[in-house]
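Please walk through this fold step by step, from the chain as a whole to single residues. Keep the sequence and the model side by side.

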Amino acid sequence: MGNRERYARVAGFVLSAAVLAALTVAAPLPAFAAPDGRAVSVPPGDGDPADGRPYIVTVAPGVDPADVAGQVEGVEPLYFFRSTINGFAARLSPGQYAALAALPEVEAIEEDGMASVPHVPETA
């Protein structure tokens, strides 16, 4: 196995471990969700979602991310993901975060950001 292949394998492992760790520690917050599937109202004074942090919301396989976003008042997805993960990106207020985290279809909510793998110099 060449150095390039070894680097690719290590990088894939590191990325997989990081995603798994993030999914493991994503604990749900107190809920505002209605158990019967009604749209959830976010408490007054919760803040403008446009001022909120961007998050990636991962939903269960086979569930339409747009349907999940529509269950929480004011959630406006920026992007939908349907290949590598099933979910959407959106700016969320704390109340929207909590309401989404309480939904059974939501598998994880992670703050959006940059991820990188350090450069490993190739040896001869």
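This is a predicted model: local features need pLDDT of at least 70, side-chain atom pairs count only at pLDDT 80 or more; totals for chains, interfaces and linings use all residues.

Residues are numbered from 1 along each chain as its sequence is written, and side-chain values use heavy atoms, with hydrogens and water left out.

Start with the elements. The chain has three helices and four strands. Helices (H or I, at least four residues) and strands (E, at least two) are DSSP runs, numbered from the N terminus. Read from the N terminus, the order is α-β-α-β-β-α-β. Of the 124 residues, 28% count as buried; buried means under 20% relative accessible area, exposed over 50%, and partly exposed in between (1.4 Å probe, protein chains only). The chain exposes about 8100 Å², and carbon and sulfur atoms supply 59% of that area. Such areas come from the Shrake-Rupley method with a 1.4 Å probe; for residues, only the protein chains shown count as cover.

The four strands form an open sheet in the order 2-3-1-4, with antiparallel pairing. Two strands pair if DSSP finds at least two bridges between them. Strand 2 (79-81) and strand 4 (106-111) are the edge strands, each pairing on one side only. From one strand to the next, the twist averages 30°. Axes here are lines fitted to C-alpha atoms, for helices over the stretch in contact, and angles run from 0 to 180 degrees between N-to-C directions.

Go through the pairs in sheet order. Strand 2 and strand 3 (residues 87-92) run antiparallel and are joined by three bridges. These two strands form a hairpin with five residues between them. Phe81 stands opposite Gly87 in strand 3, and Phe80 has Phe88 as its bridge partner there. Next, six bridges join strand 1 to strand 3, again antiparallel. Within strand 3, Leu92 is the bridge partner of Arg53, and Ala90 is that of Tyr55. Last, strand 1 and strand 4 pair in the antiparallel sense over five bridges.

How enclosed is strand 3, and why? Five of its six residues are buried, so strand 3 is largely enclosed by the rest of the structure.

Helix 3 (residues 94-101) lies across strand 1 (53-59), strand 3 and strand 4, and runs at about 150° to strand 3. Helix 3 is mostly covered, with seven of its eight residues buried. Those residues are Gly95, Gln96, Tyr97, Ala98, Ala99, Leu100 and Ala101. Their cover includes strand 1, helix 2, strand 3 and strand 4.

The core draws on these elements. A nonpolar core is a set of buried Ala, Val, Leu, Ile, Met, Phe, Trp, Tyr and Cys residues joined through side-chain atoms within 4.5 Å. The largest one has 17 residues, and those with the most contacts inside it are Val57, Val75, Phe88, Leu92, Leu100 and Ile109. At least two of its residues come from each of strand 1, helix 2 (65-69), strand 3, helix 3 and strand 4. Helix 3 gives the largest share, four residues.

Zoom in on Val57, found in strand 1. Is Val57 buried or exposed? Val57 is buried, because its relative accessible area is 0%. Leaving aside neighbours within four places in sequence, Val57 is in contact with Asn86, Gly87, Phe88, Leu92, Leu100, Val106, Ala108 and Ile109. Ala69 lies twelve residues away along the chain, and the two C-alpha atoms are separated by 9.0 Å.

Asn86 is found in the loop between strand 2 and strand 3. Asn86 counts as buried because its relative accessibility is 16%. A polar atom of the Asn86 side chain lies 3.0 Å from the backbone oxygen of Ala60. Not counting residues up to four places away in sequence, Asn86 touches Val57, Thr58, Val59, Ala60, Pro61, Gly62, Val63, Pro65 and Phe81.

How values were computed: Contact means heavy atoms within 4.5 Å. A polar contact is a pair of N or O atoms within 3.5 Å; within protein, one must be able to donate a hydrogen and the other to accept it, and residues adjacent in sequence count only if both atoms are side-chain atoms.
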